[in-house]
Structures are given as C-alpha cells and as structure tokens.
Amino acid sequence: MDSIVVTGNGPLHGQIPIAGAKNACLTLMPATLLSEEPLTLTNAPRLSDIRTMTSLLQSLGAEVQSLQDGQVLAMSSHDIHNHTADYDIVRKMRASILVLGPMLARDGHAVVSLPGGCAIGARPVDLHLRALEAMGAELDLRDGYVHAKAPSGGLRGGVVEFPLVSVGATENALMAATLARGTTILKRAAREPEIVDLADCLRKMGAQIEGDGTDTITVQGVDRLGGATHRVVTDRIELGTYMLAPAICGGEVELLGGRIDLVGAFCEKLDAVGISVAETENGLTVARKNGQIRAVDVTTEPFPGFPTDLQAQMMALLCTAEGTSVLEEKIFENRFMHAPELMRMGARIDVHGGHATVTGVDRLRGAPVMATDLRASVSLILAGLAAEGETVVNRVYHLDRGYEHVVRKLSGVGAKIERIKGQ
Ligand code: UD1
C-alpha cells in the first residue's frame with residue numbers, strides 16, 4: 001500500500017487549483033439515469049470515488065466515457081438493462097444509493113444493495129427510503145437489498161418532511177420527484193451547494209424545481225427529461241482543506257476557483273483564529289494575519305454551518321493554536337478517529353462523546369500515522385506540513401477517494417511531500 005511522506009518545510013507560497021466537487025459529481029452522475037438523452041459533465045474531479053460510480057452506472061447499462069484526462073464525463077443511459085446495484089460495488093461507496101431514486105422514477109423498479117457500515121458511524125439510509133415511500137414507492141428489504149417498485153403509473157408527488165437534514169436523502173428524493181406525477185414538496189431539505197448544483201443540472205434537463213438552497217424545495221414532475229451539459233461546482237471541501245495549508249504553515253496561497261459563498265462559516269472561524277481570506281480575480285488568497293493562531297470553538301452543522309467534512313482538517317490547525325478549542329461533531333458519531341493519530345504527533349486532545357478538547361502545543365512532531373477515512377487522512381498531511389521532522393501517512397487509498405494530485409498541488413506551493421509506492 002502506498003504512503004505519503006511529509007516533512008515540515010516552512011511557509012507556503014503560490015497557487016493551488018481547486019477541482020470540481022466530488023460530492024456534487026457523485027449525485028450528478030446518477031442523474032443520467034433519469035433521461036435517455038446524453039448528460040455531459042465538465043470540471044469533473046479525477047478520483048477513485050468517481051471511478052466507482054462510473055463502474056456502477058456501467059453495470060446498469062449506462063455508457064460513461066471519461067474524456068480530457070477524466071475532466072469530462074460523457075454519459076448516456078438510453079439502454080438501462082440491469083436494475084440491480086450489486087453489493088460488491090455499493091459496499092465500496094455509500095453514494096451508490098443515489099441510483100435508487102432515478103432508476104425507480106424512470107423505469108418503475110430498482111434493486112439496490114444496502115450500503116452497510118462505514119468508518120464514521122452507522123449512516124443508515126432510512127431517510128432515503130421514507131422519502132421514496134412518500135412518493136408511493138413500495139419497498140421490500142430482504143437479503144441486504146432494497147427492492148423498490150413504483151405504483152402502476154409511476155411515482156406520484158408527495159410531501160416529504162425529513163426529520164433531520166440529509167444531503168443524500170434530499171438528492172435521491174429530488175431526482176425521483178422530477179419524474180413523479182404532480183407536485184413534490186421536500187421540507188427540511190439540505191441546502192448544500194451540491195444540492196443547488198444538482199437542481200441547476202436537472203433544470204437544464206427540463207425539470208421544474210424551485211427553492212433549492214432553502215429548506216423547502218418544490219418539484220413539479222414532468223413526463224420526461226432531456227440531455228444537458230453541466231459544469232460541476234467547485235469542491236468546497238478541497239478548497240477549505242487547502243486554505244488550511246498556509247494557515248498551518250504560514251505564507252500566502254491563492255486558491256484558484258475558490259468562492260467565499262461556498263465556505264462562509266469556515267471563513268468566519270479562520271478570521272477568529274487569525275487567518276485572513278481575501279477574494280481575488282481568480283479565487284481566494286489565504287495568509288496568516290500576524291504570527292500566532294488563536295483557539296476557537298467549532299460546531300459542525302448542515303450547510304450553511306461549519307461542514308463536518310472540514311472538522312478533521314480544522315482540528316489539525318487548532319493543535320498548534322494558543323489556548324484551548326472545543327470541537328463539537330453534530331453530524332456523525334465516531335468522527336474523531338484522527339484525534340489519536342494527531343496525538344501520536346504530540347497533539348493534546350481529549351475526546352469525550354461528540355466533543356474534542358484541543359489544547360494547543362508549540363510544535364507537532366513527525367510520526368508514522370494511519371489514515372482512517374478520507375478527511376482524516378488529509379488532516380494528517382496538514383499536520384505533517386506543520387510538524388518538525390518526517391510524518392509518514394499510511395493507508396492513503398482513502399485520500400485517493402477525494403483528493404486529486406495532492407502531492408502535485410502541495411509541492412507546487414513549496415511543501416516537501418512525496419508518495420512512496422507500496423509493495
Ligand atoms: C454527504 C456527503 C458527506 C458529508 C455529509 C454531511 C456525499 C457523497 N457525501 O453524505 O461527505 O459528510 O453529506 O455533510 O455527498 N442519516 C440518517 N438516515 C439516512 C441518511 C442520513 O439517519 O437515511 C443521518 C446520518 O447518519 C448523519 C446525518 O443523517 O448523521 C447526515 O447525513 P447525510 O447528510 O445523509 O450524509 P450523506 O449524504 O451520506
């Protein structure tokens with residue numbers, strides 16, 4: 001297995017290009033199943049999760065061509081001959097459940113494996129299923145699979161009131177509702193930029209959607225959707241992650257394609273700890289205001305709150321802040337697995353339930369550490385950039401799921417980082 005070796009090397013200077021959003025792309029790709037006409041995505045990120053979704057769609061009969069070095073995905077679903085999403089693919093990636101709504105809406109039936117466990121908590125799919133039931137779907141859970149059928153005449157509009165905010169369940173319901181008969185109202189819908197991006201793409205395909213970006217989305221079902229070409233929105237998590245690199249190491253870095261509106265709550269916390277963020281013609285620049293980083297408390301929340309997907313990276317920054325910070329994780333249980341790894345590097349962290357108390361130390365020290373999930377792995381790289389000596393991050397396949405060219409991007413701004421091929 002490959003590992004990444006990082007050696008603390010002082011301030012960073014230069015530019016980092018930010019890719020299209022993994023999480024947007026993973027919901028835009030299944031949208032191809034809603035139409036017989038081609039759907040083309042541009043600005044797609046080159047990631048293993050995208051390859052997994054490609055395999056899943058191909059297993060159903062969709063054509064997916066990866067063009068321009070993977071940045072363009074040309075898809076066509078005119079011949080969906082298999083309606084079963086197999087466990088072997090679904091277990092690799094939870095977002096596979098997003099094929100359920102579109103297949104059911106277009107063809108009236110679908111069988112999708114339950115995703116199973118995940119390192120950052122139980123992560124059930126009950127909200128996805130309840131939303132489809134509210135549109136008339138009949139669901140049968142057996143042998144680890146969801147067997148879903150639409151009533152004769154297809155799904156019908158309904159009112160879906162989510163008991164808690166779920167990005168994936170909102171996406172599944174939104175896609176299904178585009179082809180349901182009548183009006184669907186999604187209440188307590190997720191407001192993430194990836195939802196707005198999905199709605200934008202679906203509108204280009206002919207869907208009638210209003211209210212995306214607010215907590216109530218209204219969808220007027222149409223008989224069929226057409227093709228479209230759509231540019232995937234900037235990855236706000238990759239953006240936030242690389243914004244933390246100059247915050248941790250000093251220096252000044254410009255994030256090409258960065259937008260403040262994608263990372264508002266995160267920028268407020270950066271400001272509070274002593275990091276300045278400014279808009280430029282091509283994105284955002286980030287620099288330390290003056291010397292020391294101050295502690296700050298952080299609570300993760302659905303958008304527009306502080307994203308759970310930036311919590312691990314923020315913790316890496318706070319490990320060397322002056323004072324004590326409390327991080328509260330409100331989205332996923334068990335999402336502090338990076339804490340013991342950061343402690344191997346000399347961080348002072350006390351995890352108690354959904355809270356982690358981080359007391360800043362003067363300096364982290366390099367150590368061999370293990371990536372436990374996608375965001376945890378990049379937090380260890382960030383910590384390694386600030387540490388004295390060498391940090392070896394093992395199990396970096398997690399990283400490949402969500403960060404393209406991480407070594408190239410960070411070495412391009414002066415970081416000392418290399419990937420070592422495993423046996
Ligand atoms: C998406 C993102 C993920 C991010 C998360 C929260 C993708 C591919 N992944 O994941 O990176 O961390 O949003 O911003 O877009 N829940 C249920 N029942 C359900 C669904 C969710 O109880 O049916 C719970 C989850 O366990 C979690 C909370 O709802 O506690 C929010 O999860 P959700 O927003 O659904 O996350 P994902 O869509 O899986």
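Here is a chat about cavities, a pocket and helix packing in a predicted model.

Trainee: What ground rules apply here?
Mentor: Residues count from 1 along each chain as its sequence is written, and side-chain values use heavy atoms, leaving out hydrogens and water. In this predicted model, local features need pLDDT of at least 70 and side-chain atom pairs count only at pLDDT 80 or more, while totals for chains, interfaces and linings use all residues.

Trainee: What is the volume of the largest cavity?
Mentor: On a 1 Å grid over the protein atoms alone, a cavity is a set of points where a 1.4 Å probe fits but cannot get out, a pocket is an open set with protein on both sides within 12 Å along at least five of seven lines, and lining residues have an atom within 4 Å of a point. Points are joined across faces, edges and corners, and the volume is the space filled by probe spheres set on them. The structure holds 3 cavities of 30 Å³ or more, and the largest cavity comes out at about 40 Å³.

Trainee: How many charged residues line the second largest pocket?
Mentor: That pocket has a volume of about 250 Å³ and 19 lining residues, with Ala105, Arg106, Leu179, Asp223 and Arg224 nearest its centre. Classing Ala, Val, Leu, Ile, Met, Phe, Trp, Tyr, Cys and Pro as nonpolar, Asp, Glu, Lys and Arg as charged, and the others, Gly among them, as polar, the lining has 9 nonpolar, 5 polar and, for charged, 5.

Trainee: Why is H9 called roughly parallel to H10?
Mentor: Helices are DSSP runs (H or I, at least four residues), numbered from the N terminus; axes are lines fitted to C-alpha atoms over the stretch in contact, with angles from 0 to 180 degrees between N-to-C directions. The axes of H9 (residues 264–273) and H10 (residues 311–318) come within 12 Å and cross at roughly 5 degrees. Because angles under 35 degrees count as roughly parallel, that crossing makes the H9 and H10 pair roughly parallel.

Trainee: Which residues in H9 meet Gly240, Met243 and Leu244 in H8?
Mentor: The axes of H8 and H9 come within 11 Å. With contact meaning heavy atoms within 4.5 Å, those H8 residues meet Phe266, Cys267 and Leu270.

Technical notes:
Helix = DSSP H or I, 4+ residues; strand = E, 2+ residues; numbered from the N terminus. Parallel < 35°, antiparallel > 145°, perpendicular 65-115°, else oblique.
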